[in-house]
Amino acid sequence: MSLSSSSSSTGAASTRLPVSFEFFPPKTPEGAAKLRTVRQALYQRSPEFCSVTYGAGGSTQEGTFSTVREILAEGFSAASHFSCIGATRDSVREQLATLKAMGVKRLVALRGDLPSGYGAGGEFQYASDLVAFIRAETGRDFHIEVAAYPEVHPQARSPEADLQAYAAKVRAGADAAITQYFYNSDAYFRFVDDAYRLGLDVPVVPGIMPITSSTQLMRFSDACGAEIPRWIRLRLQSYGDDIESIKAFGLDVVTDLCDQLRNAGVPGLHFYTMNQSVATLALLDRLALSA
């Protein structure tokens with residue numbers, strides 16, 4: 001579906017925009033207990049699903065699967081991230097069987113981060129290879145999401161190469177995409193329009209990162225290639241250590257972004273929660289008030 005920033009979606013339907021939440025596997029019993037409390041708070045907003053991240057080379061596989069099991073047991077749909085760097089066809093086949101037996105219906109299929117010094121070896125070079133393999137092995141057993149990069153993947157040779165990599169994932173059998181977070185809605189609209197022109201009409205769900213810490217946001221964005229517009233960066237820097245002002249400003253900025261996306265008719269919003277509930281709940285409250 002092609003979107004336009006000038007299109008509109010108003011009325012009660014806009015308050016029922018599908019939402020989903022991303023978590024990462026906790027590393028300690030205390031973290032696991034805290035995440036359970038966070039999930040219970042977010043479940044009140046009836047998410048379409050909750051996704052759980054996955055480490056390169058399966059480094060957090062058991063943590064991912066454990067968290068996925070808990071979400072399923074709590075009565076909600078869970079999407080396991082599934083990365084293929086360092087994986088073999090046999091290991092992927094085994095993991096798919098485990099997930100299917102657990103009752104998982106959704107996967108977020110990713111290449112995964114390249115470990116330091118990692119060469120070109122491995123049985124899966126690209127996420128599109130993984131998507132094609134999952135489809136060949138399991139048919140339509142899983143709803144497959146893939147990653148999209150409105151501001152271009154940091155390792156892409158060019159914007160066109162990045163778009164073609166996305167196209168390969170969709171043509172391999174992806175059902176939908178979730179984007180890297182961004183703060184410039186025009187980048188998202190341009191990406192969706194470019195994809196639509198290539199005949200890629202699967203839903204592209206915007207990834208939303210609440211702003212709660214300027215230092216954390218700068219660090220994440222530098223690592224993943226997400227652009228922080230200069231005016232946002234300067235405002236955040238001007239607040240120094242004033243955490244409350246940073247959070248208030250961040251809430252305004254991200255609410256406005258979500259409003260632009262909602263008014264354009266996006267298929268949903270996917271929140272990168274960082275295993276916290278307060279900032280995401282504040283955004284959802286603000287969006288309901290502004291509907």
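**Figure 1. Contacts of Lys 169 beyond its sequence neighbours.** With residues within four places in sequence set aside, Lys 169 contacts Ala 127, Ser 128, Val 131, Val 146, Ala 147 and Ala 174. The model shown here and in the other views is predicted. Lys 169 belongs to helix H5, which covers residues 159-171. Is Lys 169 buried or exposed? Lys 169 is buried, yet has no salt bridge. The nearest side chain of opposite charge is that of Asp 162, 6.6 Å away. A salt bridge requires a nitrogen–oxygen pair within 4 Å.

**Figure 2. The chain as a whole.** The secondary structure comprises 10 helices and eight strands. The chain has 291 residues, and 47% of them are buried. Contacts between residues at least 6 apart in sequence were sorted by separation: 80% join residues at least 24 apart. The salt bridge count is 17. Three of these pairs follow in close-up.

**Figure 3. The salt bridge between Glu 70 and Arg 39.** The closest N and O atoms of Glu 70 and Arg 39 are 2.7 Å apart. Arg 39 counts as buried, at 1% relative accessibility.

**Figure 4. The salt bridge between Glu 48 and Arg 106.** Here the closest N and O atoms of the pair, Glu 48 and Arg 106, are 4.0 Å apart. The two residues link distant parts of the chain, 58 residues apart. Glu 48 is in the loop between H1 and strand S2 (49-52), while Arg 106 is in strand S4 (residues 106-110). Glu 48 counts as partly exposed, at 44% relative accessibility. Arg 106 counts as buried, at 12%.

Figure 5. Arg 93 and Glu 137 form a salt bridge, with the closest N and O atoms 2.9 Å apart. Arg 93 lies in helix H3 (residues 89-102) and Glu 137 in helix H4 (residues 127-138), so this pair ties together parts that are 44 residues apart in sequence. Arg 93 is partly exposed, at 34% relative accessibility. Glu 137 is also partly exposed, with a relative accessible area of 35%.

Figure 6. About 360 Å³ of space lies in the second largest pocket. Its lining holds 22 residues, and those closest to the pocket centre are Pro 210, Ile 211, Thr 212, Val 278 and Ala 279. Which helices each supply at least two residues of this lining? They are helix H7 (214-224), helix H9 (243-263) and helix H10 (278-289). H10 gives the largest share, five residues. By class, the lining has 13 nonpolar, eight polar and one charged residues.

Methods
Residues are numbered from 1 along each chain as its sequence is written. This is a predicted model: local features need pLDDT of at least 70, side-chain atom pairs count only at pLDDT 80 or more; totals for chains, interfaces and linings use all residues. Side-chain values use heavy atoms; hydrogens and water are left out. Helices (H or I, at least four residues) and strands (E, at least two) are DSSP runs, numbered from the N terminus. Buried means under 20% relative accessible area, exposed over 50%, partly exposed in between (1.4 Å probe, protein chains only). Lys and Arg count as positive and Asp and Glu as negative; His and the chain ends are not counted. Contact means heavy atoms within 4.5 Å. On a 1 Å grid over the protein atoms alone, a cavity is a set of points where a 1.4 Å probe fits but cannot get out, and a pocket is an open set with protein on both sides within 12 Å along at least five of seven lines; lining residues have an atom within 4 Å of a point. Grid points are joined across faces, edges and corners, and a volume is the space filled by probe spheres set on the points. Ala, Val, Leu, Ile, Met, Phe, Trp, Tyr, Cys and Pro count as nonpolar, Asp, Glu, Lys and Arg as charged, and the others, Gly among them, as polar.
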